Amino acid sequence: MLTQDVIQYPIIPYKKLKPNSVDEFLEIFEDILDLDLEHGMELDFLIDTKLGSDKISPTLVLAKPKDAKVIASICKEVYDGTYPYKEIEDERMVKKMIESPDNHFILFEIDGEVVGCFRCALDFEHKKGYSGGFMVKKKFQQVLDVTKSIIGSYAWMWKTYQKEILMWYCENRTAHAASQYITSVCGINTVAFFPNKDVFYNQVESDVMGVIYCEKTLTKYRDRKMPVLISNALDNFLYCDNLYKLGSFQLATPDLCLNYNKIFELQKVFRKDLITDKYGYEYHQSFIKGTKSYFNFLHTPQIQNFEKTKYHVDSLEELYVFLEEFLKSMKENAIRYSEVFVSAFSPEHQQLFFEFGFRARGYVPCWNYNKSENKFEDYVVFNYYEGEVSQAELLPKGQELVDMLSVQINP
């Protein structure tokens with residue numbers, strides 16, 4: 001009588017998960033997984049917990065332009081047509097993203113059917129990678145092994161771009177803790193809180209930001225200058241110091257001596273441009289004539305927020321003029337949330353944002369790559385929000401951060 005051989009898969013001890021770096025993560029998985037998304041990547045491993053043990057492991061496949069239609073349809077189906085970032089519902093735009101070397105979509109297949117997807121966006125110039133857009137068809141949401149799906153996706157992303165991308169970040173929803181948990185299993189740590197930033201299923205929702213680094217990012221490429229922080233940013237730094245052993249810092253109480261005559265003159269030569277695309281995104285570009293200073297940000301009207309703020313100034317007076325206009329635009333557009341990343345080496349800038357109503361709600365080591373210095377610089381996340389903060393399900397570390405920030409979350 002013939003007996004069927006039992007396939008033995010490698011078992012990953014749960015205690016080995018939650019690695020401290022991309023390098024540690026790859027040590028666990030790169031020899032176990034055949035990282036070939038072109039021909040389909042099988043997730044032939046087990047985790048020694050009951051988590052996901054009764055779920056189906058999909059085959060991971062790298063999306064091609066022809067797959068744009070199914071990705072757009074999954075987005076529409078999962079979010080009932082309410083997804084605020086409409087370019088992902090647009091088959092033509094998704095196709096352009098797939099064709100670009102800066103974006104990849106990973107498809108999850110079960111028996112040849114695409115049941116979900118995951119995306120990474122690559123910023124080669126600044127050596128940063130973003131991951132997100134994890135979506136699973138409704139009928140497979142209780143069937144798919146999402147933990148193994150994400151582990152496999154990260155294994156491919158992080159190995160493929162190990163030399164070019166030195167830090168990775170994501171933004172997780174807080175309506176539930178599932179995505180936070182899955183990313184934490186992969187070693188991603190929560191470092192910032194974005195109260196009331198997003199809208200999903202027509203409901204206002206907060207996000208948390210998570211990061212993970214290659215070991216050399218923090219040891220070799222982190223700018224070793226001492227961070228100089230205002231008191232409002234201190235708890236955020238101490239929280240991250242506990243995670244990454246960042247070292248010394250200096251506390252500052254800047255006395256901002258502004259020249260208001262200069263401000264008055266700068267206001268006369270302030271200029272701004274507005275570019276609106278077909279999805280409703282508004283790209284605000286502000287500058288001061290006769291200088292190289294600028295202050296740019298993205299307005300997403302459908303979720304009433306300002307983000308992706310970038311600026312350069314040569315004086316505090318210039319920053320004051322930009323911030324004055326920034327707040328004016330926030331009021332005119334009924335903005336509920338806005339954010340800006342401010343250098344950990346610029347206490348005067350931190351203080352000015354604080355005086356304009358922004359508060360520090362995150363510290364991100366190695367956020368900005370300085371090409372001329374070949375170093376990453378630490379940044380402080382400052383944000384502003386209005387309204388009551390809706391209920392947020394957070395992992396213990398995320399809750400610890402929020403408790404430090406004195407943000408009142410509704411039960």
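I looked up strand 4 (residues 59-62) and found it joined to strand 5 by 4 bridges, the two running antiparallel. Strands here are DSSP runs of E with at least two residues, helices are runs of H or I with at least four, and both are numbered from the N terminus. Two strands count as paired if DSSP finds at least two bridges between them. I note that this is a predicted model, in which local features need pLDDT of at least 70 and side-chain atom pairs count only at pLDDT 80 or more, while totals for chains, interfaces and linings use all residues. Residues are numbered from 1 along each chain as its sequence is written, and side-chain values use heavy atoms, with hydrogens and water left out.

Val61 stands opposite Leu107 in strand 5. I then followed strand 5 to strand 6 (residues 113-123), where the pairing is antiparallel over 8 bridges. Phe105 faces Arg119 of strand 6 across that pairing. The two strands form a hairpin with 2 residues between them, and Asp111 in the turn has a positive phi of about 50°.

I checked burial for strand 5 (residues 103-110): 7 of its 8 residues are buried, so the strand is largely enclosed by the rest of the structure. Buried means under 20% relative accessible area, exposed over 50%, and partly exposed in between, with a 1.4 Å probe and protein chains only.

**Strands 9 and 10**

I turned to strand 9, which pairs with strand 10 in the antiparallel sense over 8 bridges. Ala192 stands opposite Met209 in strand 10. This pair also forms a hairpin with 2 residues between the strands, and Tyr201 in the turn has a positive phi of about 55°.

**Glu205**

I picked Glu205, which is in strand 10. Glu205 counts as buried because its relative accessibility is 4%. I listed its contacts (heavy atoms within 4.5 Å), leaving aside neighbours within four places in sequence; among them are Arg173, Thr174, Asn196, Lys197 and Ser390. Thr174 is 31 residues from Glu205 in sequence and 6.9 Å away in space, C-alpha to C-alpha. The side chain of Glu205 reaches the backbone nitrogen of Thr174 at 3.4 Å.

**Second largest pocket**

I looked up the second largest pocket and found a volume of about 560 Å³. Of the 30 residues that line this pocket, the closest to its centre are Asn20, Gly187, Asn189, Leu243 and Tyr244. The elements that give two or more residues to the lining include strand 9 (189-200), strand 10 (203-213) and helix 7 (231-244). Helix 5 gives the most, with 4 residues.

For the terms, I used a 1 Å grid over the protein atoms alone: a pocket is an open set of points where a 1.4 Å probe fits, with protein on both sides within 12 Å along at least five of seven lines, and lining residues have an atom within 4 Å of a point. A volume is the space filled by probe spheres set on the points.

**Helix 10**

I ended with His349, which lies in helix 10 (residues 347-355). His349 counts as buried because its relative accessibility is 16%. Leaving aside neighbours within four places in sequence, His349 is in contact with Tyr311, Val313, Leu316, Leu319 and Val342. Other buried residues of helix 10 include Pro347, Gln350 and Phe353. Gly357 follows the helix, with a positive phi near 100°.

Definitions and conventions: Polar contact = N/O pair within 3.5 Å; in protein donor to acceptor, adjacent residues only side chain to side chain.
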